[in-house]
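Work through the exercises below with the model open. Each task is followed by a stepwise solution.

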Amino acid sequence: MKTIEPGTEAPPTILTGNQAAAWGAFLSRVQVVSAYPITPQTTVIETLADLTARADWPNRFVNVESEHSAMAVCIGASYGGVRTFTATSSQGLALMHELLHWAAGGRLPVVLVDVNRAMAPGWSIWTDQQDSLSQRDTGWAQFYCSSVQDILDHVILAFRMAEEASVPVMVVEDAFVLSHTAEAVSLPAPAEVDRFLPPRRPAFSLDVEKPRAFGGLLGPDWYQEVRKDLHESLLRLGDAAPRIYGEWERLTGRSYAPVEAWGVEDADVVLLTSGAVSSTAREVVATLRARRKRVGLVQVRMFRPFPGERLREVLRGVPKVAVLDRNCSFGHHGIFHQELKSALYSMEAAERPRIYGYVLGLGGRDVGPRALQEVVRLTEVREAPEPETTWIGAVLPEGPEQEHEEGVR
Amino acid sequence: MIEIRIHGRGGQGAVIASTVIAHASHHAGYRVQVFPEFGVERRGVPVTAFARLDRSPILLRTKITNPDHVVVLDPALARHSPVTDGMREDGCIVMNSPSDEGLESLQGPWRLAWVDATEIAARHGIGTASAPIVNTTMVGAFAAATGLFRMEHVEAALREVLPAGAEANAAAALEAFEALRVMPSPVTGALQALFEGGAR
């Protein structure tokens, strides 16, 4: 393992997504880490335990007996005014649920890396987005990564955004497809990260000299105002994101946006993706465009706050949008699908795309070029979207009398 | 894009082999992406690890089903695992094998090369005498078989990846690099027989 020489540019190195997440937290000079191991998150905290043990600033790594306690430690430490980090996955994130609300309501800039893993049962350690999207309404911002470099950068960006807006931020990476996949990454120099992310200066914190109450009883005369403030702070985080991304780009040369688009201007069909599938989709879109197919791609990085205005701009006048969901709101649609429909509803009918919903890749089912090309093909041939979500690659045990639609089994 | 699949058994270090290949390829100027078989692994059961190399950024994030090259760490896997599944015709299989005996079943349009990595690794004291660790030795053989990177890249990679013992591992890798044998292609053999038959 390399050591960081403060003030010098570290050479590019090869890291897994989980190691990159740990390096992101380390370069952010995290002060309190508390976590409970769960596959496939474990190597995040293994790496971070190793790094923080060698850190030259005061820090604590707090071992706990559950994810619920891990988040409780992060909340307590964050109330104390220090920079705190945790990582989890799937059932672990679900166990944190109550305290996720507490971190957001307490306006605490905790950063959490969720390694997207399917929810049990059936027991699965493989990727889908059900765990993180089930936490949609907790008041956390959420960013979905599509490469190992993204993860490293987004942990640092998340601390900056969280502390600026006083809200917690979740950075999401796909189990195995990113978490255990190694690629070359650029480690920013510590001095550069220090310039981008100065020490946390909380507006208020626990102080024995100046006693205060936190999270006390709040009656109907004030509760709603506090909630509205949380909501507006998240919206402000969304407004600030392009500026903060811009600062990061000036520092590192790497550019990101809440919504990223390729080949949308002339597209007949635009794929809308999130997470690691976005990366494969870029390759597929490039291949199809080389064959003169007018296909585009929109990658949604920022899920909360939802970038509705930007999506309305980017998708204005596009005939068809195919939304790929590695998740399902059972009994309704894929979650990105329903969010997009809600965001585009206010557009004029003439410039509003038709929105096609596809669910695929649940529980780690591989999403390759063939599945993505099938989505493009189905969207092309269907004049109007089906009323129900189309499941790609799910072989359902149906009776022989039921006919499968071509290619949709 | 070059895709590689490594076959081993849990505990033999297939993932480390893929990581060393990634670092060596990175030094040779390639973009790299390496990943294990996604899931749970147990000691002794057949496992696989994967690598992608390219001169341009690698965007594909899917399983590898049609590898260009295959590395087999355990001689017995040639009989028990589908090591040639999906292989591309112009690729190469690099086998750890004490001899060329029994390798005919692996022959195909691809090149087939072998080296006795177990003997080399044992002699260099890598692992134990009864259970030598051949993963780093096989990376040297892979470098010789494919020419994707040079031994200096392997040495640099070993220094980066291994916590200790990079020198012994590099020496074993170099020996495997030099000792690699290529099986005569059955196609070439058939053509030769045809040619010889015609000349008679």
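Two strands pair if DSSP finds at least two bridges between them. Helices (H or I, at least four residues) and strands (E, at least two) are DSSP runs, numbered from the N terminus. This is a predicted model: local features need pLDDT of at least 70, side-chain atom pairs count only at pLDDT 80 or more, and totals for chains, interfaces and linings use all residues. Residues are numbered from 1 along each chain as its sequence is written, and chains are lettered from A and ligands numbered from 1 in the order in which they are written.

**Exercise 1.** Is β4(A) (residues 84–88) buried or exposed?

*Solution.* 
- Step 1. Apply the cut-offs. A residue is buried if 20 or more other C-beta atoms, placed from the backbone, lie within 10 Å of its own; 12 or fewer means exposed, and in between means partly exposed.
- Step 2. Five of the five residues of β4(A) are buried, so the strand is largely enclosed by the rest of the structure.
- Step 3. Sort the directions. T84(A), T86(A) and T88(A) point one way, F85(A) and A87(A) the other. In a regular strand the side chains alternate between the two faces of the sheet.

**Exercise 2.** Describe how α1(A) (residues 17–27) packs against α2(A) (residues 42–53).

*Solution.* 
- Step 1. Classify. Under 35 degrees is roughly parallel, over 145 roughly antiparallel, 65 to 115 roughly perpendicular, and the rest oblique, so α1(A) is oblique to α2(A).
- Step 2. List contacts (C-beta atoms, placed from the backbone, within 7 Å). Among the residues of α1(A) that meet α2(A) are A22(A) and F26(A); the α2(A) side includes V44(A) and L48(A).

**Exercise 3.** How many residues does each chain bring to the contact of chain B with chain A?

*Solution.* 
- Step 1. Chain B gives 17 residues and chain A gives 19.
- Step 2. On chain B, α1 (14–27) and β2 (31–36) each supply at least two. β2(B) gives the most, six.
- Step 3. β8(A) (residues 182–185) and β2(B) pair in the antiparallel sense over two bridges. E183(A) stands opposite Q33(B).

Conventions: Contact = placed C-beta atoms within 7 Å. Axes fitted to C-alpha atoms, helices over the stretch in contact; angles between N-to-C directions.
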